[in-house]
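Here's a quick tour of one model, going from a single side chain out to the packing around it. Have a look at the fold before reading on.

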Amino acid sequence: MSHTPLYLSLFFIATVLLTVFFIGKSCKASKPVLICIFVWLLAQGIIAASGFYTDTDSMPPRMIAMLLPPLVCIIVLFASSRGRRFIDQLDMAWLNVLHIVRIPVELALLFLFKEALVPQLMTFEGINFDIFSGLSAPLIVYFGYRKKQWGKAVLLTWNFLCLALLLNIVFHGIFSVPSPFQRFGFEQPNIGLTYFPFVFLPGFIVPAVLFAHLVSIRQLLKNNQ
């Protein structure tokens, strides 16, 4: 992506790799999981680098190829008995540490706004308060999972609140992309997330964060803490 600073692209790639690291720790470095993740990232990276996602006028929207497969994967995991067995053996502490990546993600979005690649509403200077999730995640891990001083009610409340914050930015991000469906950000549309490496935000990091919340909620509802 030639019209963004190199440091910003490298910063975001590092955030993606940090996300992979936390997922790997939560599943005890399962080779099949890590292989699937890297194959997905490689495929999406090649597609994005070709400029495929920058065509926002196509119907159906090309971003479906980025968004739909991870969502289908999550649905299959929760819908199948084998998938649920995999989910229930994940390390919840590491899966909650994963939310720390929402801090560098928010910084990257702010930098992208300064480069006129996303609207202000997608940053914490606008209506995106998702950075709260990243800042509060270490407290949740320490007091909720390490010290076990915060019970199920606190952990569930935090997960649902942070899930709402995630859905808020996803909603506004999708409808800020220049397309027939655009509803926000007309003065400065969301074009940054159609370029490499920033396609990994909607195509990988957001599904990973969503998955972490859903797994946490499932395990909390199943177990008495």
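This is a predicted model: local features need pLDDT of at least 70, side-chain atom pairs count only at pLDDT 80 or more; totals for chains, interfaces and linings use all residues.

## Trp40

Trp40 sits in helix α2.

What does Trp40 touch, once residues up to four places away in sequence are set aside? Its partners are Ala65, Met66, Pro69, Pro70 and Gly203. Take Met66: it is 26 residues from Trp40 along the chain, yet the two C-alpha atoms are 9.7 Å apart.

## α3 against α9

Met66 turns up again where helix α3 meets helix α9. α3 covers residues 64-79 and α9 covers residues 200-222; they pack at about 20 degrees with their axes 9 Å apart. That makes the pair roughly parallel, since angles under 35 degrees count that way. The crossing of α3 and α9 is right-handed.

On the α3 side, the contact uses Met66, Leu67, Pro70, Leu71, Ile74, Leu77 and Phe78. α9 answers with Pro202, Gly203, Pro207, Leu210, Phe211, Leu214, Val215 and Arg218. Sorted by class, that's 13 nonpolar residues, 1 polar and 1 charged.

## The nonpolar core

The largest nonpolar core has 60 residues, and Phe12, Leu112, Phe204 and Ile205 touch the most other members. α9 gives the most, with 12.

As for Leu112, its contacts are Leu8, Leu117, Val118, Leu193 and Phe198, leaving aside neighbours within four places in sequence.

Definitions and conventions. Residues are numbered from 1 along each chain as its sequence is written. Side-chain values use heavy atoms; hydrogens and water are left out. Axes are lines fitted to C-alpha atoms, for helices over the stretch in contact, and angles run from 0 to 180 degrees between N-to-C directions. Helices (H or I, at least four residues) and strands (E, at least two) are DSSP runs, numbered from the N terminus. Angles under 35 degrees count as roughly parallel, over 145 as roughly antiparallel, 65 to 115 as roughly perpendicular and the rest as oblique. A crossing is left-handed if the near helix is turned anticlockwise from the far one by less than a right angle, and right-handed if clockwise. Contact means heavy atoms within 4.5 Å. Ala, Val, Leu, Ile, Met, Phe, Trp, Tyr, Cys and Pro count as nonpolar, Asp, Glu, Lys and Arg as charged, and the others, Gly among them, as polar. A nonpolar core is a set of buried Ala, Val, Leu, Ile, Met, Phe, Trp, Tyr and Cys residues joined through side-chain atoms within 4.5 Å. Buried means under 20% relative accessible area, exposed over 50%, partly exposed in between (1.4 Å probe, protein chains only).
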